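The sequence and the three-dimensional structure are shown below, followed by an account of selected regions.

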Amino acid sequence: MKKLIEVDNVSFKYDNEPIFEDICLSVQEGDFVGIIGSNGTGKSTLLKLLLGELFPVSGTIRLFEEDVRQFKGWSKIGYLPQNAIAKSVGFPATAEEIVQTNLFSEIGLFSFLRKKHKEKVRKALELVGMEHCAKSLIGKLSGGQQQRVMLAKLLVAEPQIMLLDEPTSGVDAKTSQMLYELLLKLNKEKGLTIVMITHDIAKAFNYVARTFCLEEGSIIELNKKQINYELSHKHKHPAKSQIIFNFKENRNGNF
């Protein structure tokens, strides 16, 4: 399998505060990866490093086998930031107009959509089951519907990788499950590579293929036994101290 993301001995700090040190991570084509960890461990920072918004103090990040500092193929990557819904709720635009905004680099800011572009928008909304709401104002939709529109906005540009920061944040349990099922479908049927930050290991574990834990400046990939141990001891997202305790056990292999 082709490696689409390679994080090789990367260290990063804000001012003089270390966030992580010498972390390694690789994501292959077709992967569905979940990244967990307590608040403040650098999960969102890691995504910003992958997006070239921040740069590591040391180490190398490669996207499609190219150093992130020289990478130009950003159209291959779709990014959904945390709380993306909140930024769009008050915007007086329909679902299809929200999706269209991700085609401006292709059609030009002041150009009219051609038939092929309208078809792309329709197909993107159809992929997420929202074609029937194309003319609805984004602010009139439910939280889950809005998040589906945000996903359609990514999909219309036909990315090869989607980077998602807490995509189920702010939605109820039923909607969360529907979003996970949608992501799994996109991964399996469209071959879309997905890297997702999530606080909900209990639900995400049923859908992601690989799970990484970012804690105490290090990252490890958890195997099934380790994840089952984590879930058997906590039914909800655990307190930071408990995560770190179990993280140390996971890292040391004491199972």
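## Thr-198 and its surroundings

The side chains of Thr-198 and Tyr-180 are joined by a polar contact of 3.0 Å. The structure is a predicted model, and the distances and accessibilities given in this report are computed from it. Thr-198 is placed in the loop between E8 and H7. With a relative accessibility of 2%, Thr-198 counts as buried, because the cut-off for that class is under 20%.

Apart from neighbours within four places in sequence, the residues in contact with Thr-198 are Ile-35, Ile-36, Glu-166, Tyr-180 and Ala-204. Tyr-180, the partner in the polar contact, is itself one of the buried residues of H6.

## Helix H6

Helix H6 comprises residues 173-190. The buried residues of the helix are Thr-175, Ser-176, Leu-179, Tyr-180, Leu-182, Leu-183, Leu-186 and Asn-187. These residues cover an arc of only 155° around the axis, and therefore lie on the same side of H6. Lys-174, Lys-188 and Glu-189, on the other side of the helix, are exposed.

The buried residues of H6 pack against several elements, including strand E3 (32-36), helix H4 (115-127) and helix H5 (143-155). Strand E7 (161-165), strand E8 (193-197) and helix H7 (201-204) are also among these packing partners. At the start of H6, the backbone nitrogen of Lys-174 has a side-chain oxygen of Asp-172 within 3.3 Å. After the helix comes Gly-191, with a positive phi near 70°.

## Helix H5

Which residues of H5 are buried? They are Gly-144, Gln-146, Gln-147, Arg-148, Val-149, Met-150, Leu-151, Ala-152, Leu-154 and Leu-155. Because ten of its 13 residues are buried, H5 is largely enclosed by the rest of the structure. The 13 residues should span 18 Å at 1.5 Å a residue, and the end C-alpha atoms are 19 Å apart, in agreement with that expectation.

The packing partners of the buried residues of H5 are strand E6 (77-80), helix H2 (95-100), H4, E7 and H6.

## Aromatic pairs and a charge over a ring

Five aromatic pairs are found in the structure. In one of them, the ring centres of Phe-12 and Tyr-14 are 4.8 Å apart and the ring planes stand at 90°, so the pair is edge-to-face. Phe-12 counts as buried at 7% relative accessibility, whereas Tyr-14, with a relative accessible area of 35%, is partly exposed. A further aromatic pair, Phe-64 and Phe-71, is stacked, with 6.0 Å from centre to centre and 5° between the planes. Phe-64 and Phe-71 are both buried.

Phe-12 and Tyr-14 form one aromatic cluster together with Phe-20. The ring of Phe-64 has the charged end of Lys-76 over it, 4.6 Å from the ring centre.

## Two further loop residues

Phe-55 lies in the loop between H1 and strand E4 (58-63). It counts as partly exposed at 37% relative accessibility. When neighbours within four places in sequence are left aside, Phe-55 is in contact with Phe-12, Leu-49 and Arg-69. Phe-55 and Arg-69 are separated by 14 residues in sequence and by 8.0 Å in space, C-alpha to C-alpha.

Gly-37 is located in the loop between E3 and helix H1 (43-50). With a relative accessible area of 5%, Gly-37 is buried. Although Gly-37 and Glu-215 are 178 residues apart in sequence, their C-alpha atoms are 5.9 Å apart.

## The chain as a whole

The protein chain contains nine helices and ten strands. Of its 255 residues, 49% are buried. Among the contacts with a separation of 6 or more, 67% involve residues 24 or more positions apart.

Conventions
Residues numbered from 1 in each chain as written. Predicted model: local features only at pLDDT ≥ 70, side-chain atom pairs only at ≥ 80, totals over all residues. Heavy atoms only, no water. Helix = DSSP H or I, 4+ residues; strand = E, 2+ residues; numbered from the N terminus. Expected span 1.5 Å × (residues − 1). Buried < 20%, exposed > 50% of the residue type's maximum accessible area, 1.4 Å probe, protein only. Arc of directions from axis to C-beta. Contact = heavy atoms within 4.5 Å. Polar contact = N/O pair within 3.5 Å; in protein donor to acceptor, adjacent residues only side chain to side chain. Phe/Tyr/Trp six-rings, centres within 6.5 Å; stacked < 30°, edge-to-face > 60°. Lys NZ or Arg CZ within 6 Å of the ring centre and 35° of its normal.
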